[in-house]
2 protein chains.
Amino acid sequence: MTIEIIKDGNITSVPGFFAGSSHCGLKNSGKKLDICIINTPEGSVCSGVFTVNRFKAAPVILDIKTLKDQDRIKAIAINSGIANACTGSAGMENAKKMQQLTADALGISSREVLVSSTGVIGKQLPMKKIENGIKNCASAMDPDGGDDAARAILTTDLIEKKAAVRIITEDKKEITIGGIAKGSGMIEPNMATMLAFIGTDAQAARDVLDSILKKANEESFNSISVDGCQSTNDSAFLMANGKSGVKIERSSSDYDKLYRGVAAIMKQLAKKIVMDGEGATKFIEIKVDGAPVWKQAKKAAMKIANSNLFKTAIFGQDLNWGRINAALGASGIVFDPDKVNIYMNDKMIVKNGIGLDLKKSEADILLKPKDIIIKVDLNNGKENWTVWTSDLSFDYIKINALYHN
Amino acid sequence: MTIEIIKDGNITSVPGFFAGSSHCGLKNSGKKLDICIINTPEGSVCSGVFTVNRFKAAPVILDIKTLKDQDRIKAIAINSGIANACTGSAGMENAKKMQQLTADALGISSREVLVSSTGVIGKQLPMKKIENGIKNCASAMDPDGGDDAARAILTTDLIEKKAAVRIITEDKKEITIGGIAKGSGMIEPNMATMLAFIGTDAQAARDVLDSILKKANEESFNSISVDGCQSTNDSAFLMANGKSGVKIERSSSDYDKLYRGVAAIMKQLAKKIVMDGEGATKFIEIKVDGAPVWKQAKKAAMKIANSNLFKTAIFGQDLNWGRINAALGASGIVFDPDKVNIYMNDKMIVKNGIGLDLKKSEADILLKPKDIIIKVDLNNGKENWTVWTSDLSFDYIKINALYHN
């Protein structure tokens, strides 16, 4: 199967998707874009996955309800700067108002609108600014608006995250999938502070999209960690507007193609979130192999990814394999320590649970690249899982200790 | 009941306990003490709790075996600088040799000796140095040797941890309890890199000591976290030599007194470990109240204690209550977000799940002290739990990124 990457593609690379962005004054600095609307005027079937944090932000609660009642969605309005989380009943009123304002501006029903917010917790949305922003977004709808939208949803992120692919079905027809995302800190399984908006012109029922989104989410956004912290606002959406005329059913051979296309987009976006992790100087891939079941492999990989000691060692370019062992041993999974082999960038560093005596010059070479690949072989089965994380640097502390909006 | 604190007390404050320390060359810097023996010549009943990390260090594996076969212990030999962890069969041979050398030096059976190591993972013990060290320790046995022993077991710790108390039984008899401990990084529940040695002159059977040690451990060493990382070497021992002639049985009214005395010592040592946390500038107490069961309260408190975002906010003296909410919501416990109240140093900062609008000057005053007390009231029951942690600072990164032995 061919997945063709669309260079610099994003959600509006998908036929039938439009986006409009604006600056309405939510972000402190300059005239940065801080609000946008993604719109597919003929409607789409939409699936969503959300944070499991008990403090769910108002837009998350509202979207869960909206998607429970129906699944035809035409637009998503997104603001950055303020999360509308921990804002009580006033926050919920504002989320509903944002939904209604978007519906009014586009001349559709509020039931066809989802809303997302990201930013500081505990502040109320300034609704006058939001109202102006939504009007401006609605009048700026653009079939090439995806790039601006990718910028409008950023908070402490430094770079926009976007990706698009084209896949060819069994019948030689074309499906496009594209997405944008945000997130840089507070990133952990169960999605943490990240938002992702994926669109496709495939035609698919809600249960098909649900199953694809859930599985792709597990191996992308739920397989990354910057700081082990989980947010109140995480949401990922998959919208299928059917424009291609290609209908995907669970039983069809194209189901797997759509799944792999969506997963490819989501992994791309997830990796970009990690690369943009707060203060990150290294991009770390951790693959745990040789596990009896993938969940054990994932649990072990995430434990290493979340170890502050491991992350500071990588920042310090220190080959402290003992910290990988210690995190692995603390993960709660079952394995034989005497059978564990560990590789860094393909070089074996631990054999049968014991670190090899590498020369300092060899270790220095291993730890110099920006990309560090750790492979752990448990030799206890055939399943594996891969996760991505960043190191823990002085700048992470700086950003998170001295940042307040 | 009165617990009388023995000022500057330690394990040799307990009648019948001796300690000898020495420098044998395991630590890189200077002539620092790096090996010691704790000895109670007439023997003691000993209980131990150990790390649950699957990569258990050789001395841990050996001690678990020794204490399984019997419970009369006369001596514990401890070295710092090298952990003897992830050292394979050679490491196990060295641990056994260290045990035998100690037995020979004291003229006792190796079955009456436990061994502990702490320091760098993956290095073999230099047995010639260990042998000399043990001989020197054995010939330096001192009824006031506890202070030196407390220094000899330190690694990256800055200050020694010691405590002792005296309790009066129902019959007006006196029992003494004293201990020393080490640990500063890699501190988390399930004990992380910490060692603790507690002695008492009470007389008690193994099952009595086991039950006291397990319970006291849960609310002391298993209720602290510096960085959420768990070590390969953690061990805590409770030795009862019976010198006081006071026999404690499970059914006796003095059982609770002994428990509370041991718990007081262990909490003191645990707090000192947190205060000495790597790079710590703040000492943080987190109490979660109003939970249906204590385990839920503890789970929530530990999740907050391990949140990098919360810890960096406290370091930055930033009243970011949203990060407390987010960690609490991510803890996996069941509660109603709208009922949560949070207090910092007795001042309410979150009411019904929503942050109060404090003035910056008020927030600055709250966050200035070195000691920060967070109280979370879930309003969902009557149980509570308290844990202790430190903030996450630039120096934590410095110590852990640039440290290698």
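Biologist: Which residues does A:Asn217 touch, not counting residues up to four places away in sequence?

Modeller: The model is a predicted one. In it, A:Asn217 lies in helix H5 (residues 206-218) of chain A. Leaving out residues up to four places away in sequence, A:Asn217 touches A:Val49, A:Asn222, A:Ala236 and A:Met266.

Biologist: Is A:Asn217 buried or exposed?

Modeller: A residue is buried if 20 or more other C-beta atoms lie within 10 Å of its own. A:Asn217 has 22 C-beta neighbours inside 10 Å, so A:Asn217 counts as buried.

Biologist: How many Å apart in space are A:Asn217 and A:Val113, C-alpha to C-alpha?

Modeller: In sequence, A:Asn217 and A:Val113 are 104 residues apart. In space, their C-alpha to C-alpha separation is 22 Å.

Biologist: In which loop is A:Asn84 found, and is A:Asn84 buried or exposed?

Modeller: The loop is the one between strand E4 (72-82) and helix H2 (88-106) of chain A. A:Asn84 is not a glycine, yet has a positive phi of about 50 degrees. With 31 other C-beta atoms within 10 Å, A:Asn84 is buried.

Biologist: What phi does A:Cys86 have?

Modeller: A:Cys86 lies in the loop between E4 and H2 of chain A. A:Cys86 is buried, because 26 other C-beta atoms lie within 10 Å. Although A:Cys86 is not a glycine, its phi is positive, at about 55 degrees.

Biologist: Why is chain A as compact as a globular protein of that length?

Modeller: Chain A comes to 11 helices and 18 strands. The globule rule gives 22 Å for 405 residues, and chain A is as compact as a globular protein of that length because its radius of gyration is close to that value, at 22 Å.

Biologist: Among contacts in chain A between residues at least 6 apart in sequence, what percentage join residues at least 24 apart?

Modeller: The C-alpha trace of chain A spans about 70 × 55 × 35 Å along its principal axes. Of the 405 residues of chain A, 61% count as buried. For contacts between residues at least 6 apart in sequence, the share that joins residues at least 24 apart is 81%.

Biologist: Which strands stand at the edges of the open sheet of seven strands in chain A?

Modeller: The order in that open sheet is E10-E18-E13-E17-E14-E15-E16 (chain A), with mixed pairing. Each edge strand has a single partner strand, so one side of each is left without a neighbour in the sheet; these are strand E10 (224-225) and strand E16 (354-355) of chain A.

Biologist: Which helix packs on this sheet?

Modeller: The helix touches E10, strand E13 (283-291), strand E17 (371-377) and strand E18 (383-390) of chain A. Its direction makes about 20 degrees with that of E18(A). The helix is H7 (residues 294-305) of chain A.

Biologist: In E15(A), what is the bridge partner of A:Ile342?

Modeller: Strand E14 (residues 341-344) and strand E15 (residues 347-351) of chain A pair in the antiparallel sense, over three bridges. In E15(A), the bridge partner of A:Ile342 is A:Val350.

Biologist: Which residues make up the uncovered face of strand E14 of chain B?

Modeller: Four bridges join E14(B) to strand E17 (residues 371-377) of chain B, and the two run antiparallel. The covered face of E14(B) holds B:Ile342 and B:Met344. The uncovered face holds B:Asn341 and B:Tyr343.

Biologist: Which residue takes a positive phi in the hairpin of E14(B) and E15(B)?

Modeller: E14(B) and strand E15 (residues 347-351) of chain B pair in the antiparallel sense over three bridges. In E15(B), B:Met348 is the bridge partner of B:Tyr343. The hairpin has two residues between the strands, and the positive phi, near 45 degrees, belongs to B:Asn345.

Biologist: Which element gives the most to the side of chain B that touches chain A?

Modeller: The contact takes 45 residues from chain B and 45 residues from chain A. On the side of chain B, the elements that give two or more residues are helix H8 (308-315), helix H9 (321-329), strand E16 (354-355) and helix H11 (394-402) of chain B. The residues of this side divide into 21 nonpolar, 21 polar and three charged. With six residues, the element that gives the most is H9(B).

Biologist: In chain B, which residue has the C-alpha nearest the axis?

Modeller: Chain B is superposed on chain A by a rotation of 180 degrees with 0.0 Å of shift along its axis (RMSD 0.0 Å). The two copies are thus related as by a two-fold rotation axis. The same surface serves both copies, as 100% of the contact residues of chain B recur in chain A. In chain B, the C-alpha nearest the axis lies 2.9 Å from it and is that of B:Phe394.

Key. Residues numbered from 1 in each chain as written. Chains lettered and ligands numbered in written order. Predicted model: local features only at pLDDT ≥ 70, side-chain atom pairs only at ≥ 80, totals over all residues. Contact = placed C-beta atoms within 7 Å. Nonpolar A, V, L, I, M, F, W, Y, C, P; charged D, E, K, R; others polar. Pairing = 2+ DSSP bridges. Axes fitted to C-alpha atoms, helices over the stretch in contact; angles between N-to-C directions. Buried ≥ 20, exposed ≤ 12 C-beta atoms within 10 Å, placed from the backbone. Least-squares fit on C-alpha atoms with pLDDT ≥ 70 in both. Rg over C-alpha atoms; globule rule 2.2 N^0.38 Å.
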